[in-house]
Amino acid sequence: MTRRKSRAADGRPVQGGAGSVAATTTATANRQVVELAGLRRRLAAMLYESMLLLGVLALTFLVPYLILGVVFGIAPPGWLAWLHIFGVLGVYFVWYWRRHGQTLSMQTWRLKIVNAEDGRGASLGRSWLRYALAWPSVLLFGLGLLWALIDRDRQFLHDRLAGTCIVLLPPPPKS
């Protein structure tokens, strides 16, 4: 059985134990309980995200490098190309994580990145840290992703180290 922490819709932990489905009332407002996102859903969102990133990279990487090569006959060194990719993807991810806590694929899969301590949105520094740690987590044969198989909350290693977690948002209310 997977251990899941109950969290409010804004991501904050809710008193009452894991698996709690009832909404809790506080002095400020009603909060709906959400849970940590499952591993399969997060992996599916990553696959979908990789397809979306092809478009982002085509627009921000391929087109400029084609123009530099064809029009000006310039071929930037490989390290500059990798730095460019790292920067472009970093701006994409951090901008979305800071804006709503969700990238485009995370919106589709109802996932949201929150601070693991208090459930609030991840700070700018924490978002950049998560992004930077995700690279070795994925590129070292996926070891940071495999970490979720032994982690007590099924979190990826880069989430654990950055102090973030991904929660599953409730479905939108039916009209």
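Visitor: What makes the meeting between the side chains of aspartate 151 and arginine 160 a polar contact?

Guide: Welcome! In this predicted model, the two side chains come to 2.5 Å from each other. A pair of N or O atoms, one able to donate a hydrogen and the other to accept it, counts when it lies within 3.5 Å, so the 2.5 Å pair qualifies as a polar contact. The side chain of aspartate 151 also reaches the backbone nitrogen of aspartate 153, at 2.9 Å.

Visitor: Where is aspartate 151 placed, and is it buried or exposed?

Guide: Aspartate 151 sits in the loop between helix H5 (143–146) and helix H6 (157–162). Its relative accessible area is 4%. Buried means under 20%, so aspartate 151 is called buried.

Visitor: What about alanine 116: why is it called partly exposed?

Guide: Alanine 116 has a relative accessibility of 29%. You will find alanine 116 in the loop between E5 and helix H4 (124–139). Its C-alpha is 8.6 Å from that of aspartate 159, although 43 residues separate the two in sequence.

Visitor: How do you know that E5 pairs with strand E6?

Guide: By counting bridges: 5 of them join E5 (residues 111–115) to E6 (residues 164–168), and the two strands run antiparallel. Pairing takes at least two bridges, so these strands pair.

Visitor: What makes E5 mostly covered?

Guide: Of its 5 residues, 4 are buried. On E6, valine 167 is buried too, with a relative accessible area of 0%. Valine 167 lies 8.5 Å from glycine 38, C-alpha to C-alpha, across 129 residues of sequence.

Visitor: How do you know that the span of H4 is close to what is expected?

Guide: H4 has 16 residues, and 23 Å separate its first C-alpha from its last. At 1.5 Å a residue, 22 Å is expected, which is close to the 23 Å found. After H4 comes phenylalanine 141, whose phi is positive, near 60 degrees.

Visitor: Which residues of H4 are buried, and what covers them?

Guide: Ser127, Arg130, Tyr131, Ala134, Trp135 and Ser137 are buried. Their cover includes helix H2 (78–99), E5, H5, H6 and E6.

Visitor: Which residues have the most contacts inside the largest nonpolar core?

Guide: They are Leu89, Phe93, Leu111 and Tyr131, in a core of 21 residues. Helix H1 (39–72), H2, E5, H4 and E6 each give two or more residues to this core, and H2 gives the largest share, with 8. Apart from this core lies another one of 5 residues, including Leu36, Val114, Val167 and Leu169. In soluble globular proteins, nonpolar side chains tend to be buried together.

Visitor: What does tyrosine 131 touch, leaving out residues up to four places away in sequence?

Guide: Tyrosine 131 touches Ile85, Phe86, Leu89, Gly90, Phe93, Val94 and Trp97.

Visitor: And the protein chain as a whole: what is its secondary structure?

Guide: The chain has 6 helices and 6 strands, in the order β-β-β-β-α-α-α-β-α-α-α-β along the sequence. Of its 175 residues, 36% count as buried. The accessible surface comes to about 10,500 Å², and 68% of that belongs to carbon and sulfur atoms.

Key
Residues numbered from 1 in each chain as written. Predicted model: local features only at pLDDT ≥ 70, side-chain atom pairs only at ≥ 80, totals over all residues. Heavy atoms only, no water. Buried < 20%, exposed > 50% of the residue type's maximum accessible area, 1.4 Å probe, protein only. Areas by Shrake-Rupley, 256 points an atom, 1.4 Å probe, with all protein chains shown as cover. Expected span 1.5 Å × (residues − 1). Contact = heavy atoms within 4.5 Å. Core = buried A, V, L, I, M, F, W, Y, C linked by side-chain atoms within 4.5 Å.
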